[in-house]
Every structure is written in structure tokens, then in C-alpha cells.
Amino acid sequence: MNSVFAARLTKLRRERGMSQKDAAKMLGVSQSLLSHYEKGIRECSLDFVCRASNFFDVSCDYLLGQVDTRRSLSEEFDMTDTVQDLSLIHISEPTRP
């Protein structure tokens, strides 16, 4: 794992005001293992990345340092916005020769 993952994991836990012990319990790992993840000593499994992503309500890409926005672009938009936008588009029939 990279240092961005470790830093973001720590930051997200602290933003929630959680101790490592409490966060570890919620994430299904030991406190010492979470400490190793946060320090960048150990690499975590893909399963853990997914659990942490869901728990902290951020995208896996954000946790892994691939993007700087916490949610994916598709999650930023509400489906009702999409339906409303579609009603504004007029699709004309293609002309036939």
C-alpha cells in the first residue's frame, strides 16, 4: 500500500472521532493490525479496502490515493437529476435519404 492510503485511513478515523480500537472493531480487524495499516507497515486486503470505503463513505479510489474527491463522480449526482436532465434533451429522428 502507499503512504496516501495510510494517511487517509488515519484522517478518516480521526474525523469521526474514533479510537483505533473502536474503528478496528467496526472494521473487523484487531487494533494492532489497523495501527499497522495506518503506519504503512502492513498492506491490507482488497476486502478491507472495500469495508473501509463503505464504513467511511468514500470511494476506494479516494482511499487508495487515485483521486482527491471522496466520492466517485457517478455518486455525486442524484438519479432524479438525471431524469430531469433527460427531459430537457430533444432527440430528433435521423433523416433518411
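I count a residue as buried when its relative accessible area is under 20%, as exposed when it is over 50%, and as partly exposed in between (1.4 Å probe, protein chains only). With that settled, I opened the model.

**Ground rules**

My notes concern a predicted model, so I number residues from 1 along each chain as its sequence is written, and I ask for pLDDT of at least 70 for local features and 80 or more for side-chain atom pairs, while totals for chains, interfaces and linings use all residues. Side-chain values rest on heavy atoms, with hydrogens and water left out.

**Overall layout**

I looked up the secondary structure and found seven helices and zero strands. My helices (H or I, at least four residues) and strands (E, at least two) are DSSP runs, numbered from the N terminus. The order from the N terminus is α-α-α-α-α-α-α.

Of the 97 residues in the protein, 30% are buried. I take a contact to mean heavy atoms within 4.5 Å. Among contacts with a separation of 6 or more, 51% come from residues 24 or more positions apart. I also noted an accessible surface of about 7,100 Å², with 53% of it belonging to carbon and sulfur atoms; the areas come from the Shrake-Rupley method with a 1.4 Å probe, and for residues only the protein chains shown count as cover.

**Helix α1**

I then turned to α1, which covers residues 3-15. Its 13 residues reach 18 Å from first C-alpha to last, close to the 18 Å expected at 1.5 Å a residue. The expected span is 1.5 Å times one less than the number of residues. I found Phe5, Ala6, Arg8, Leu9, Thr10, Leu12 and Arg13 buried here. The buried residues of α1 pack against α2 (20-27), α3 (31-39), α4 (46-56) and α5 (60-63). Just after the helix, I noticed Gly17 with a positive phi of about 70°.

**The core**

Next I searched for nonpolar cores, meaning sets of buried Ala, Val, Leu, Ile, Met, Phe, Trp, Tyr and Cys residues joined through side-chain atoms within 4.5 Å. The largest has 20 residues, and Phe5, Leu9, Leu34, Phe48 and Phe56 have the most contacts inside it. Each of α1, α2, α3, α4 and α5 supplies at least two residues of this core, and α4 gives the most, with five. In soluble globular proteins, nonpolar side chains tend to be buried together.

**Aromatic pairs**

I let rings of Phe, Tyr and Trp (its six-membered ring) pair if their centres lie within 6.5 Å; planes under 30 degrees apart are stacked, over 60 edge-to-face, and the rest tilted. In one, Tyr37 and Phe48 have ring centres 4.7 Å apart and planes at 50°, so I logged the pair as tilted. Tyr37 sits in helix α3 and Phe48 in helix α4, so this pair ties together parts eleven residues apart in sequence. Both Tyr37 and Phe48 are buried.

Phe55 and Phe56 have centres 4.9 Å apart and planes at 80°, so theirs is an edge-to-face pair. Phe55 is buried at 17% relative accessible area, and Phe56 counts as buried at 7%. Leaving out residues up to four places away in sequence, Phe56 touches Leu9, Leu12, Arg13, Arg16 and Leu27.

Last, I checked Gln20 in helix α2. Gln20 counts as buried because its relative accessibility is 17%. Its side chain makes a polar contact of 2.6 Å with that of Gln31. For a polar contact I need a pair of N or O atoms within 3.5 Å; within protein, one must be able to donate a hydrogen and the other to accept it, and residues adjacent in sequence count only if both atoms are side-chain atoms. Beyond four places in sequence, Gln20 touches Arg13, Gln31, Leu34, Ser35 and Glu38.
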